Amino acid sequence: MTKYSSWKPQLAIGGFIAFYPGEQKSMLSFAIDYQSSYQAADEKILCKPLVTDPDKDCFKAAPQAPDRQDAVNLSFEYRQAIGKDVLDASLAFSPKFTYDALSDDYGVELPVYLIPKGDAQILPGFRIGYASREDEVTFGLFMKASFSMTK
């Protein structure tokens, strides 16, 4: 039995272009990025060929080295702040579609969040998404916080 190294280098590089239509309350962006990463195999119970003591001769581990996975993601995103007031804040949304050109997988997500009026630093919201690879819908709540490098 060979023990595989758990350290594998990962790489990602990309770029995007954004357009801000006349009213400055919306944004369109197009992005492309390349990712190279490793996915660990599911762990299983592995035993030596001759088992005399299961506690010493068997252990839980991945049966093979991690698999390399490359992706070329193309994405389109639209952001819009709506003039509607909800809980003394403006409503905004940001739908995004991402397509992996190498695997034909795709994902769609729709974050909806509140933009507080004044100097509030927290942007609360929720997100719904779908990933074709896992064929599942996900839901989530989030709190974004802005930060400043100066006092």
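How much space lies in the largest pocket?

## The pocket

In this predicted model, the largest pocket holds about 390 Å³ of space, where a pocket is, on a 1 Å grid over the protein atoms alone, an open set of points with protein on both sides within 12 Å along at least five of seven lines. Its lining, meaning residues with an atom within 4 Å of a point, has 18 residues, and Gln35, Asn73, Asp100, Asp105 and Arg133 lie nearest the centre. Strand E2 (26-39), strand E5 (67-86), strand E7 (96-100) and strand E8 (106-116) each give two or more residues to this lining, which divides into five nonpolar, eight polar and five charged residues.

## The chain

From the N terminus on, the order is β-β-β-α-β-β-β-β-β-β-β. Of the 151 residues, 18% count as buried, that is, under 20% relative accessible area with a 1.4 Å probe and protein chains only.

## A nonpolar surface patch

Ile17, Phe19, Phe30 and Phe76 make a nonpolar surface patch of about 360 Å²; patch residues have over 30% relative accessible area and no salt bridge, and nonpolar side chains are joined within 5 Å. Phe19, found in strand E1 (residues 11-19), counts as partly exposed because its relative accessibility is 41%, between the 20% and 50% limits.

## Basis of the values

Residues are numbered from 1 along each chain as its sequence is written, and side-chain values use heavy atoms, leaving out hydrogens and water. Local features need pLDDT of at least 70 and side-chain atom pairs count only at pLDDT 80 or more, whereas totals for chains, interfaces and linings use all residues.

Notes
Patches are made of residues with over 30% relative accessible area and no salt bridge: like charges are joined within 9 Å, nonpolar side chains (Val, Leu, Ile, Met, Phe, Trp, Tyr) within 5 Å. Accessible areas come from the Shrake-Rupley method with a 1.4 Å probe; for residues, only the protein chains shown count as cover. A salt bridge is a side-chain nitrogen of Lys or Arg within 4 Å of a carboxyl oxygen of Asp or Glu. Helices (H or I, at least four residues) and strands (E, at least two) are DSSP runs, numbered from the N terminus. On a 1 Å grid over the protein atoms alone, a cavity is a set of points where a 1.4 Å probe fits but cannot get out, and a pocket is an open set with protein on both sides within 12 Å along at least five of seven lines; lining residues have an atom within 4 Å of a point. Grid points are joined across faces, edges and corners, and a volume is the space filled by probe spheres set on the points. Ala, Val, Leu, Ile, Met, Phe, Trp, Tyr, Cys and Pro count as nonpolar, Asp, Glu, Lys and Arg as charged, and the others, Gly among them, as polar.
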